[in-house]
Amino acid sequence: MNIAEIIVFIVYLIFMVGIGIYFFAKSKNAGEKGYFLGGRAMGPWVSALSAGASDMSAWVLMGLPASIYAMGLGQIWIAVGLGIGYALSWIYEAPRLRRFSIVANDSITIPQYLTNRFLSKSKAVQIICAVIFLFAYTIYAASSIKACGTLFHTVIGIDANVAMYVAGIIIISYTFLGGFSAVCWTDFFQGLLMLGALLIAPIFAVFMLDTAGASGAAQIASETANFWNPVASWQDIVSGLAWGIGYFGMPHIIIRFMSVESQKSLKKSAVIGISWTVLILIFATVVGIVGRMFLGFDEEISANSTVFLTMVRRIFPGVISGLLLSAILAAAMSTADSQLLAAASAFASDVYKPVFRKNQATDKEMLWAGRYVVLVIAVIAVVIASNPKAGSIMSLVSNAWGVFGAAFGPVIMLSLFWKRFSFSGAVAGIVVGAAVDVLWLAFLSGTGVYEILPGAVAGLIAAVVVSLCSKAPEKDVEELFDRAVAYTEE
């Protein structure tokens, strides 16, 4: 136990809760749009780093470096796929989604946007999306809370389950209080911390290789000739690249596109966001390589995904290592808070208000409905994370990521670029994409192909076929599409 590390952790956590209290006091009368979308007032730096940090959960500091540490460069394809997918989503999806969400009755959630995009009175999309959100986000949040438990158990020595409950309380606190603005600002600071930690740790490790007694690349070559070979099996390459599909349908990430204050700021956000993510992925890979050179191979480090954690603690004194290890907390918490808020907004705005309250709910009632959902999902996520049979951090992330990417990616993109796309096609695409993803995971995971790929392909085909077989959109729906394409800032 390192007292300096513990003090830094405590200060960091107090800072996060303080942000939540600040935005609660500042915007308690801001209403539904303020709580769930920050009033569409996010600047380029905050929106860009928030989008990246809400994506890059603890797996980028624990799972990815550990995979490369253990098995070599053949594991980089997930990073390559994510880098490509993230860049394409900012370049092609973000500008149109922001415009379309404004023209589509100023939509503040993805399910709401999909309903308003087709001027539909049916609540089918909103209810289906809310069910998928609640299911997948609970699993996703469990992975982040589990990472917090692993970190506290390794560093402080307290029981991992107790640590998960503590992490859950902290995340609930600032999400519950401050809403979207608090989540974005905490993600902004956490994004800076994650990047700094990944930049600093491997650089110092390289300079200490000789004094640490490691023989570097030569030692690795003697252990395994395949470490430096990036050519993996075709399943690994295809599956790794397929991770990029997830970005086009990941609600807690693309909601940031809708929150940016202007189209001009969106372009700046894209440059910042893409640059940040590419650097994060590159240095996460470097951590795995340098960690193998600096630490040698250790079964325990590999099994517990603690290569970054171990390297930092061996290099730096307690105050510095505590700050750098807080980056793991930052990665886990910045993803969990965004997921909780996205699930809460989906339930409150897309189920509670239109279905249970028949659009009679006040803004204050909506805020508290969302907050209660944050609380319920977080509690269930903690229970899942503390279950020894729940699976690894990476497996929980991949399961949730696959459902979102397959269900929403093709549908969102078709809604933005295809005028003939219909409401029934959107419903079919979401349902088929999610169903095929889950069924592939359950029965065909042995093929080695990540379920997001067949799920997204099936969802795309279903959406296109049903749209072509159904009645063409009404004239007013086509006019909405044209207005959104031509929309400019006033």
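**Reading pockets, cores and aromatic pairs**

Q: How much space lies in the largest pocket, and which residues are the closest to its centre?

A: About 560 Å³ of space lies in the largest pocket, and of the 25 residues that line this pocket, Q75, I78, D236, S239 and W243 are the closest to its centre. The general idea is that rolling a probe the size of a water molecule over the atoms shows where empty space is left. Here a pocket is an open set of points on a 1 Å grid over the protein atoms alone, where a 1.4 Å probe fits, with protein on both sides within 12 Å along at least five of seven lines, and lining residues have an atom within 4 Å of a point. Grid points are joined across faces, edges and corners, and the volume is the space filled by probe spheres set on the points. Please keep in mind that this is a predicted model, in which local features need pLDDT of at least 70 and side-chain atom pairs count only at pLDDT 80 or more, while totals for chains, interfaces and linings use all residues. Residues are numbered from 1 along each chain as its sequence is written, and side-chain values use heavy atoms, with hydrogens and water left out.

Q: Which helices supply the lining of the largest pocket, and how do its residues divide by class?

A: A helix is a DSSP run (H or I, at least four residues), a strand is another (E, at least two), and both are numbered from the N terminus; this protein has 21 helices and 0 strands. Helix 4 (63-71), helix 5 (77-103), helix 11 (234-242), helix 18 and helix 19 each supply at least two lining residues, and helix 4 gives the largest share, with 6 residues. The lining has 12 nonpolar, 11 polar and 2 charged residues, where Ala, Val, Leu, Ile, Met, Phe, Trp, Tyr, Cys and Pro count as nonpolar, Asp, Glu, Lys and Arg as charged, and the others, Gly among them, as polar.

Q: How much space lies in the second largest pocket, and what lines it?

A: The second largest pocket holds about 460 Å³ of space, and 23 residues line this pocket, of which M62, T150, A303, N304 and S305 are the closest to its centre. Among the elements that give two or more residues to this lining are helix 7, helix 8 (160-207) and helix 14 (299-304). The lining of the second largest pocket divides into 9 nonpolar, 10 polar and 4 charged residues.

Q: How many aromatic pairs are there, and how are F118 and F421 placed?

A: A search of the whole structure finds 17 aromatic pairs. The rings of F118 and F421 have centres 5.6 Å apart and planes at 70 degrees, so this pair is edge-to-face. F118 lies in the loop between helix 6 (110-117) and helix 7 (124-155), and F421 in the loop between helix 18 (393-417) and helix 19 (423-443), so the pair ties together parts that are 303 residues apart in sequence. The rule is that rings of Phe, Tyr and Trp (its six-membered ring) pair if their centres lie within 6.5 Å, and planes under 30 degrees apart count as stacked, over 60 as edge-to-face and the rest as tilted.

Q: Are F118 and F421 buried or exposed?

A: Both F118 and F421 are buried, where buried means under 20% relative accessible area, exposed over 50%, and partly exposed in between (1.4 Å probe, protein chains only). In the protein, 60% of the 490 residues count as buried.

Q: Which residues have the most contacts inside the largest nonpolar core?

A: The largest nonpolar core has 137 residues, and F308 and W401 have the most contacts inside it; helix 7 gives the most to this core, with 15 residues. Such a core is a set of buried Ala, Val, Leu, Ile, Met, Phe, Trp, Tyr and Cys residues joined through side-chain atoms within 4.5 Å. Leaving aside neighbours within four places in sequence, F308 is in contact (heavy atoms within 4.5 Å) with residues including L61, A197 and V287.
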